Amino acid sequence: MSSLPRVLLFLSLLLCIFPIIASALHLPLQVTQFDANDPFPDPYQIFSHLVSSSLARAHRLKNPQPTATSNTATPLFSHSYGGYSISLSFGTPPQILPFVMDTGSDFVWFPCTHRYVCKKCPSSSSSFTNTTIPSFIPKLSSSSRLVGCRNPKCSWVHHTNKTQCDECQNNPRPQNCTQVCPPYFIPYGSGTTAGVALSETLNLGDRTVSNFLVGCSLFSSRQPAGIAGFGRGLPSVPSQLKLRKFSYCLISRRFDDSPSSSTLILDSTSDFDRKTNGLIYTPFLKNPVVQGKEAFQVYYYVGLRKITVGGRRVKVPYKLLSPGKGGDGGTIVDSGSTFTFMAREIFLPVAIEFVKQVRNYSRARDVEALTGLMPCFNVSKGDKPVEFPELRLHFKGGAEIALPLGNYFAVVGDGVACFTVVTDGGVGGVGHSGPAVVLGSFQMQNYYVEYDLRNERLGLKPQLCI
C-alpha cells in the first residue's frame, strides 16, 4: 500500500473512531465455521478450499512481507474454514469479540467501528459492514486511546526499532509532537487487514490488563474475525500477559457447525522447571534472523529429526529439517494452518512411501484432481475397517508423535480417503524459502499441546479433547 492511501485511511479512522483523542485462565477454543447461508456445495470443494488456504498460509509463513500473575482458561472453538477461535473481552465497559488463535503471528486486532468493511469474507462474495461481523466500538469504551508515535509499542506494530514520528522530524519542538502511530497494513496468507493501534483494557475474568496493545481494523479482506497472535513477538498475547506457558487441546474437526469447544489455558504462575505429567518434550530451536523477514523470529521452531511411514524411515533431505542461517528449512508449529505443509522434496518421498505400502486400495486420481490432495485411495470395501500405515514424526529430545489415522487421512466424498498433507510448486520454488514443514492444526487434533515459554520447549501428549 502506498503512503497516500495509508494517510487517507488513517485520517478517516481518526474521524470515525474518536470524538476526542484521548492462576490459570481457561478459555473455550472452538472450530471456525463457514457461514450457514453460504456453505460449500460438496465435500470436494470444502477440501479444495482447505488445501488452497493451507497452501496460501504456508506461502505467507515462508515468505513474509515487512509489516507492522494468575492462570486463566477460555473455551477454544473449532471452525470449518480452518481455524480455532477464542472469545476475548476488551474495553470499559467490556465488549466481547471472537478471535482466531494464531501461533504463527504476534499481533492482536479486532474488527473496529460501525464502518468496518470486510471484502470476500466466507459469508459473502461482496463487501459488507459489521451488521454481520461483530466489531469493537471505541466510542463506547472510556479506556480506548490511540497509541502515540513515540510510544515504544508503536514500534511493535511495525516491527522496527526506528521512531515512527516522521512528521515531527522538522518540528522545532519535537518533544511536543502529538503525532499518533501510523496505520498498519498486515498481509496474511489468505487476506489482509489495515487499521490503527489502540491502547485498551483487556478483561480476563476477574483480572484486567490495562494498556494492552491491540489493532483497530477498519478494513480487511478474507478476515471475518479478529486475530489473536500467540507467536513469539512483543505484541503477542503471551508476551503482553507475561505468560510462562500456554496450552490447548484441539477438538476433532468434523467440518460442521458443532458448538463444541475445548480449552485454552493461559498460565502465568507455573513452576519454572516442573514438567507436566504425561507430556513428552522437544526444545524450541533458535529462530533464524533474516533481514526483511523478521516474521521468522515470531515462529515456534522445533527439531523434526525424521519421518517414518509404517515403521520405515523416509529418506528426505536432512538439511531441510533444520533452519539455516538464511531462514531456509526447519519445522514450525502453526495453529493458523489447517493441513500440514511439507516442501516438495520432503512431501514426495512421504507420499511415495504411502503408495508403496498401501496395496489393498486403488488410487482415486479423479478425487486427487478435484481436491488437490494426494494420494487418495478408494476404501469402500464393505464393513472392514480402513487401514493405512502409521505416520510417525520424530523430534529432537526423543519426543515422538504417532498420529492417529484420522489426523492424516480424511474421508472425502463417497468411499475415498485422502492424505491430508499438502505441498506446492517444484524444486527451486517456495519450498526453498522459509520453513520446510508447517505443522497444521488438522494433524494436532486430540493432542494436548503445551508451549512452555520459560523453559523454551514444546510438550505433547495424545488426549481426547471432547
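Seven salt bridges are present in this structure, which is a predicted model.

**Exercise 1.** State which parts of the chain are tied together by the salt bridge between E353 and R312, and whether E353 is buried or exposed.

*Solution.* 
1. The closest N and O atoms of E353 and R312 are 3.5 Å apart, and the pair forms a salt bridge.
2. E353 belongs to helix α5 (residues 344–357) and R312 to strand β18 (residues 312–313), so the contact ties together parts that are 41 residues apart in sequence.
3. The relative accessible area of E353 is 12%. Buried means under 20%, so E353 is buried.

**Exercise 2.** Classify the two partners of the salt bridge between R363 and E368 as buried, partly exposed or exposed.

*Solution.* 
1. The side chains of R363 and E368 meet at 2.8 Å, N to O.
2. R363 has a relative accessible area of 23%.
3. E368 has a relative accessibility of 12% and counts as buried.

**Exercise 3.** Describe the salt bridge between R392 and E400, and name the network that these residues belong to.

*Solution.* 
1. In the salt bridge of R392 with E400, the closest N and O atoms are 2.9 Å apart.
2. R392 is partly exposed, at 23% relative accessible area.
3. E400 also counts as partly exposed, at 34% relative accessibility.
4. R392 and E400 are linked with E390 in a network of salt bridges.

How values were computed
Residues numbered from 1 in each chain as written. Predicted model: local features only at pLDDT ≥ 70, side-chain atom pairs only at ≥ 80, totals over all residues. Heavy atoms only, no water. Salt bridge = Lys/Arg side-chain N within 4 Å of Asp/Glu carboxyl O. Helix = DSSP H or I, 4+ residues; strand = E, 2+ residues; numbered from the N terminus. Buried < 20%, exposed > 50% of the residue type's maximum accessible area, 1.4 Å probe, protein only.
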